[in-house]
Amino acid sequence: MTRKLVIDTDPGVDDLMAILLALGSTDLDIVALTTVFGNVPVELATSNALTILEAAGRGDIPVARGADRSMSGAPGRPAFHIHGRFGLGDNPMPRPNGRPVPEDAADLIISRATESPGEITLLAIGPLTNLAEAARRNPVLPGLIDEVVIMGGNAYVPGNATPAAEANILQDPEAADIVFGLSWPVTMVGLDVTNEVVLTPSQIARIAEGDGPVRSMLARAMAGYQRFHEEETPGYRGLCPHDATALCWLLDNASFGSVNRRIRVESEGLGRGKTWPVDVAEPGDGAWSDRPAVTVAVSVQAELVADFICGRLSAAPAG
């Protein structure tokens with residue numbers, strides 16, 4: 001059965017890979033992209049989303065601009081040192097011909113869910129501000145959503161933005177705590193598994209091989225992203241496709257192991273942004289007692305998932 005998908009994104013090299021992976025998957029019907037601040041400011045995220053879709057020949061998919069800062073009003077912290085000055089590398093992308101729809105991201109999420117109740121999956125691969133805002137505007141939204149899959153958080157491993165926190169969650173911990181506390185089915189595909197999936201240099205070369213705008217975009221974006229990984233960690237070879245790994249949960253979750261946990265998100269001090277898990281079987285106490293169960297991915301057959309991502313992306317149309 002084809003799954004209707006809204007991707008909430010802040011492109012971002014690994015966002016690029018996730019979006020193209022989704023576009024090349026016949027079992028997914030992408031009904032919208034919504035953008036959010038994060039890897040880059042939301043204006044650039046929106047332009048990048050439009051550019052990606054047009055390069056892939058899917059300019060028909062609507063793009064809605066979303067939040068430009070966290071729910072607390074704090075500005076974003078772009079990761080240009082990781083994703084390049086333009087989010088998809090250090091070279092400017094072609095200007096898109098299309099424009100975002102008049103609706104903002106939260107309203108587009110609400111309208112898609114209202115049009116297809118119980119059929120929409122939300123893949124959130126950036127900060128969770130748009131999802132929290134959509135639920136604030138329409139409190140019945142969680143009951144209209146089939147599933148929420150989040151690339152973010154760290155249950156039992158260190159963070160990557162601070163020793164405590166993963167980057168997407170740290171950008172807006174208040175929004176993340178809201179999202180994890182709502183009564184919709186949530187899966188957290190965080191650093192516990194995404195750190196384990198590595199595309200090797202040979203796989204990167206295979207994905208980038210060939211001509212066309214999509215291949216050119218992938219080749220340029222992945223080159224800088226690979227360089228960041230290898231310079232950041234001596235001895236590292238390749239790159240970590242975090243967001244594409246989260247999408248793989250939807251396409252092949254048999255490659256993952258998971259547990260059910262209640263999640264709270266730390267909002268203060270050195271632990272700001274940390275996703276704290278509590279076993280649902282344990283008696284609730286205070287902060288966790290009224291939280292729903294969240295599926296937390298904690299193990300992965302990393303080589304299988306890397307092979308899957310490489311195979312799908314290398315077979316995708318070059319644009």
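The model is predicted. Its secondary structure consists of 12 helices and nine strands. The radius of gyration is 18 Å, close to the 20 Å that the globule rule gives for 319 residues, so the protein chain is as compact as a globular protein of that length.

Some values for the whole protein chain follow.

| Property of the protein chain | Value |
|---|---|
| Span of the C-alpha trace along its principal axes | about 55 × 45 × 40 Å |
| Residues that count as buried | 55% of 319 residues |
| Accessible surface | about 12,600 Å² |
| Share of that surface from carbon and sulfur atoms | 51% |

Charge comes next. The protein chain carries 24 positive and 40 negative side chains. The centres of the two sets lie 4 Å apart.

Now the interior. In soluble globular proteins, nonpolar side chains tend to be buried together. Here the largest nonpolar core holds 57 residues. Which of them touch the most other members? They are I7, L33, L247 and I309. Helix α1, residues 13-23, supplies the largest share of this core, with eight residues.

I7 shows how the packing brings parts of the sequence together. Beyond its neighbours within four places in sequence, I7 is in contact with I19, A22, I30, A32, L33, T34, L123 and I125.

Note on methods: Residues numbered from 1 in each chain as written. Predicted model: local features only at pLDDT ≥ 70, side-chain atom pairs only at ≥ 80, totals over all residues. Heavy atoms only, no water. Core = buried A, V, L, I, M, F, W, Y, C linked by side-chain atoms within 4.5 Å. Buried < 20%, exposed > 50% of the residue type's maximum accessible area, 1.4 Å probe, protein only. Helix = DSSP H or I, 4+ residues; strand = E, 2+ residues; numbered from the N terminus. Contact = heavy atoms within 4.5 Å. Rg over C-alpha atoms; globule rule 2.2 N^0.38 Å. Areas by Shrake-Rupley, 256 points an atom, 1.4 Å probe, with all protein chains shown as cover. Lys, Arg positive; Asp, Glu negative; His and termini not counted. Charge placed at Lys NZ, Arg CZ, Asp CG, Glu CD.
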